[in-house]
Structures are given as C-alpha cells and as structure tokens.
Amino acid sequence: MSDVLIHPAAIVDAGASLHPTVSVGAYSIIGADVEVGAGTVIGPHVVLKGPMRIGRDNSIFQFASLGEISQDKTAKLDDATRVEIGDGNTIREYVTIQRGTLKTLEGLTRVGDRNWIMANVHIAHDCMVGSDNILANGTTLAGHVTIEDWTGIGGYTLIHQYCRIGGHAFTGGGSVILKDVPPFMMIEGQPAKARGINSEGLKRRGFTPEEIAAVKDAYKLIYMSEMLMADVKVKLAEMAVDSVHCARLLAFIESSTRSIVR
C-alpha cells in the first residue's frame, strides 16, 4: 500500500487490502477485511466495512457507507455475510449498500459493473444488482431485490422486498413497485403499472426495428389482449420461436414468484 495516495487524516485498518493505486480521502474509515482494486477513488468521509470486496476503477463519493451490517432485525455483527462490488461503478454521496443476511445461503449483497448509482440510493441486504444500470437519486431497494442489466430506475423509486426488475426496463420517478417488472417494460405509478415498452432505451442499446416491434407485440399481448395469463404464455411461446426477446419475457414471467406488474 502506498501512503502517497492515502490522506493522513484517513484511517485504514491493517487488515484491509488496498491496491497501491487506490486513493483515499480525508476522514474516510476503511475497516478490516475490505479489499479494494486498482484505480478506485475513495472520497472523504467514506466508511467501508468488511467483509467486502470492491473491484477496480470505482468512484466512491463522500459520505457513502458501504458494507455496514444490515438493518434487518435478525442481523448480527459477527454474521458471516458480505458485500461484493464490481468494476467501474460510480457511487455518489450518501449511498448505503449493506451486507447480506443469513436468510440466504450466500449471505451476500452484490453490485455488478459500470452502474451509475446517484445520491441517497439505498441497496439493502441480499440485493443483487447487475451491470450498466442507472439508479437515480433516492431510489430505495428493500431486501432481496434483484435488478438485472441496463435498467433505468427513476428518482425516489421504492422497490418492495423480493421484487425483480428485468433487463432494459425503465421506471418513472416516484414509482412504488410491489410486483416483478418484466424486461423491456416502462412502468410508473403508486403502485406501478405498465405504461408501454422502453423503446428509446432499446434503440440506444442497438436493438433493431424488428426486435423492438417483436417486444411491442409481446407488450400488447400481455397488457392489452385481456387474455388469461395461461393463454398469454402459450402465445408467447409461439412468438419465442422467432424472437429471443419474447423467449426472455416468457422465461421471466414463468419464473416470477410475486407475479408481474399489470
């Protein structure tokens, strides 16, 4: 560890493992069993507690608190639980990411790569956040929430425990999500309801017009046909022969334990 990049007012436990290229700002506290990869920048007044692994090239802004014990009432300080954060994430002011609990086999809260996590976001115990997501200011994830890849979560969105947000979905600001959100959908409201597909997001990700049209047809089937869900699944299976995205929607719906937003 190089002292050149560690501010003299920072406190770094001897049991922490920081790559020599990691920088740490004034008054930050890094505890034992915290591992931080190359090129990560830790601002002032940040608190990192282990066990936790943080990858390379992350930017962690002031007053973030990562790796703290969960707010779940069953959690104990000596539980064998942890946090894993990947590479290239931006984690802004006052973000909280908390350790997993023993309610799962892994006891893990995980954040993937290249996520843009804005100020005051809370990621609770046992959440699984994928990669390339945008979580806008004040977004709150209850325990055991799963967010796939390439989603846009609008500011002050509240997500109920055990909900899943499918890839490329988009939530309007202030939404209250009580059920699973299928991939590609745009949802909004309190409670949130489907409002269409995230067509602009799909265009930006390089989806072809034909692929977007297939997703739109699937949306009409699920949300506008008034068919029973059992019949919707049959029709989606037929559409899935020619569309991997319809196949993905079908797999998501079939695996949903909370049912999907309507």
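The charged end of Arg-164 sits over the ring of Phe-252, at 4.0 Å from the ring centre, where a charge sits over a ring if NZ of Lys or CZ of Arg is within 6 Å of the ring centre and within 35 degrees of the ring normal. Arg-92 likewise lies over the face of Phe-61, and here 3.9 Å separate it from the ring centre.

This is a predicted model, in which local features need pLDDT of at least 70 and side-chain atom pairs count only at pLDDT 80 or more, while totals for chains, interfaces and linings use all residues. Residues are numbered from 1 along each chain as its sequence is written, and side-chain values use heavy atoms, with hydrogens and water left out.

The structure also holds 3 aromatic pairs. Rings of Phe, Tyr and Trp (its six-membered ring) pair if their centres lie within 6.5 Å, and planes under 30 degrees apart count as stacked, over 60 as edge-to-face and the rest as tilted.

Phe-63, in the loop between strands S9 (59–60) and S10 (65–68), and Tyr-94, in the loop between strands S12 (90–91) and S13 (96–98), are 31 residues apart; helices (H or I, at least four residues) and strands (E, at least two) are DSSP runs, numbered from the N terminus. Phe-63 has 37% relative accessibility and counts as partly exposed, and Tyr-94, at 45%, counts as partly exposed too. Phe-184 and Phe-207, by contrast, are buried, given that buried means under 20% relative accessible area, exposed over 50% and partly exposed in between (1.4 Å probe, protein chains only).

Turning to the sheet, 10 strands form an open arrangement with mixed pairing, in the order S3-S6-S9-S12-S15-S18-S21-S24-S26-S27, and two strands pair if DSSP finds at least two bridges between them. Strands S3 (23–24) and S27 (192–197) stand at the edges with a single partner strand each, so one side of each has no neighbour in the sheet. S3 runs parallel to S6 (residues 41–42), to which 2 bridges join it.

The largest nonpolar core has 65 residues, of which Leu-48, Leu-66 and Ile-123 touch the most other members; such a core is a set of buried Ala, Val, Leu, Ile, Met, Phe, Trp, Tyr and Cys residues joined through side-chain atoms within 4.5 Å. Helix H2 gives the largest share, 8 residues.
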